[in-house]
Amino acid sequence: MLNRSQMVMLFLVTACKIPDVTFSNGSDAAPSIDAASIDAAPPLLPSCVGLAVTCGASGNDSCCNSFGVPSGSYDRSYDLSGDANSGNMSSPATVSAFRLDKYEVTVGRFRTFVNAGMGTQASPPLQGAGAHANIVGSGWDASWNANLVADKAALVAGVKCDSTFQTWTDTPAGNEHRPMNCINWYEAMAFCAWDGGYLATEAEWNYAATGGDEQRAFPWSSPAGSLIPLDGAHASYVDGTTCVGDGVAGCALTDLVAVGTKPAGDGRWLQSDLGGNVFEWTLDWYATYTNPCTNCAALTTASLRVIRSGSFNNDATYLRAGYRSYGTPTVRINFVGVRCARSAP
């Protein structure tokens with residue numbers, strides 16, 4: 001299995017010519033659930049128009065299902081495990097109620113976006129689209145249009161960034177329920193805006209993954225500080241020797257598992273794959289945390305955007321709910337995708 005140094009070298013020699021991406025730093029019982037969060041999904045989203053209801057562990061859930069996350073306060077990048085990766089309580093944050101999609105954006109949903117001709121310079125988001133209701137200036141900036149590819153053909157070519165691990169296929173095949181990868185930050189932002197949502201802030205994403213004030217080590221940890229169990233039933237990741245997502249030795253496309261097929265790893269508010277499978281772009285530029293934080297996001301232009309979650313080819317450290325990672329927003333990487341957030345009803 002690749003160690004971290006080998007992974008960096010792999011990124012540098014991949015056929016996609018990907019720029020550097022640098023990383024920083026329970027039991028088998030079902031996750032605890034707040035009843036108030038089990039509410040009706042929003043109206044049919046654009047990305048699921050025409051798609052069958054076939055996502056989740058039983059294959060009978062809408063791929064666009066979205067659950068409410070209640071308002072609350074917690075400590076960013078901190079958990080109760082008490083080890084060297086637990087962080088500290090120096091960065092408290094408060095978030096208002098919001099919705100976070102249950103699933104990572106699938107190939108099938110992204111195909112609907114592509115077929116609609118969206119996410120390109122020929123059809124970019126409108127100025128201000130995808131804004132966070134509580135954060136001024138968080139929507140699409142027309143100056144970003146230059147970071148989109150020219151047209152649909154260029155987008156289809158772009159998302160084929162890795163002949164081994166890309167999940168996109170030119171025609172629907174066996175990957176429609178796998179998480180979409182090889183998309184850059186601008187395409188992720190454009191998708192969520194078109195789909196009636198927005199990119200979650202880093203504070204919102206971390207809040208959902210750590211179970212808010214429970215301060216979970218992993219999204220499924222029960223008790224909150226527990227680092228066990230951690231196995232292929234909970235997440236798609238590297239166990240130190242091999243990718244465990246598909247239960248077969250080695251790392252293959254099949255380790256990018258269909259979204260929601262590891263329900264033992266669901267978080268407090270039922271979101272799936274918050275640890276592993278693919279990293280997920282968030283709204284924020286990567287920066288030192290600011291305090292105090294109430295519905296905050298790092299919007300001052302920098303060079304890197306925050307990604308969260310860990311992926312199918314990362315070890316367990318990367319799956320911790322408090323783990324921060326980052327990437328150049330124009331990169332396409334086989335282990336980075338997206339999940340959309342939405343305003344609370």
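Helices (H or I, at least four residues) and strands (E, at least two) are DSSP runs, numbered from the N terminus. The model is predicted: local features need pLDDT of at least 70, side-chain atom pairs count only at pLDDT 80 or more, and totals for chains, interfaces and linings use all residues. Residue numbers start from 1 along each chain as its sequence is written, and side-chain values use heavy atoms, with hydrogens and water left out.

**View 1. Asn 175 occupies the loop between helix H3 (152-158) and H4.** Asn 175 is buried, at a relative accessible area of 7%; the term buried stands for under 20% relative accessible area, exposed for over 50%, and partly exposed for values in between (1.4 Å probe, protein chains only). Leaving aside residues up to four places away in sequence, Asn 175 touches Val 107, Gln 166, Thr 167, Thr 169 and Leu 253. Contact here means heavy atoms within 4.5 Å.

**View 2. The chain as a whole comprises five helices and 10 strands.** It has 345 residues, of which 56% count as buried.

**View 3. Four strands form an open sheet of mixed pairing, in the order S8-S7-S6-S9.** The edge strands, each pairing on one side only, are strand S8 (325-327) and strand S9 (336-337). Two strands are taken to pair if DSSP finds at least two bridges between them. Strand S6 (residues 279-285) and strand S7 (residues 305-308) are antiparallel and share three bridges; Trp 281 has Ile 307 in S7 as its bridge partner. Helix H4 (residues 185-194) lies across S6 and S7, at about 90° to S6. For such angles, axes are lines fitted to C-alpha atoms, for helices over the stretch in contact, and the angles run from 0 to 180 degrees between N-to-C directions.

**View 4. Strand S10 (residues 340-343) pairs with strand S4 (residues 98-101) in the antiparallel sense, through three bridges.** Leu 100 has Ala 341 of S10 as its bridge partner. Strand S5 (residues 198-199) is also antiparallel to S10, with two bridges, and Tyr 198 stands opposite Ala 341.

**View 5. Helix H5 (residues 202-209) is largely enclosed by the rest of the structure, because eight of its eight residues are buried.** The buried residues of H5 include Glu 202, Trp 205, Asn 206 and Tyr 207. Gly 211, which follows H5, has a positive phi near 70°. Arg 324 forms a salt bridge with Glu 202, with the closest N and O atoms 2.7 Å apart. This pair links distant parts of the chain, as Arg 324 is in the loop between S7 and S8 and Glu 202 is in helix H5, 122 residues apart. Arg 324 and Glu 202 are both buried. A salt bridge is defined as a side-chain nitrogen of Lys or Arg within 4 Å of a carboxyl oxygen of Asp or Glu.

View 6. A network of salt bridges links Asp 101, Arg 109, Asp 195 and Arg 342.

**View 7. The structure holds 16 aromatic pairs.** The ring centres of Tyr 74 and Tyr 207 are 5.2 Å apart and the planes stand at 70°, so this pair is edge-to-face. Because Tyr 74 lies in strand S2 (residues 72-75) and Tyr 207 in helix H5, the pair ties together parts that are 133 residues apart in sequence. Tyr 74 and Tyr 207 are both buried. Elsewhere, Phe 110, Phe 113, Phe 191 and Trp 194 make up one aromatic cluster. Rings of Phe, Tyr and Trp (its six-membered ring) pair if their centres lie within 6.5 Å; planes under 30 degrees apart count as stacked, over 60 as edge-to-face and the rest as tilted.
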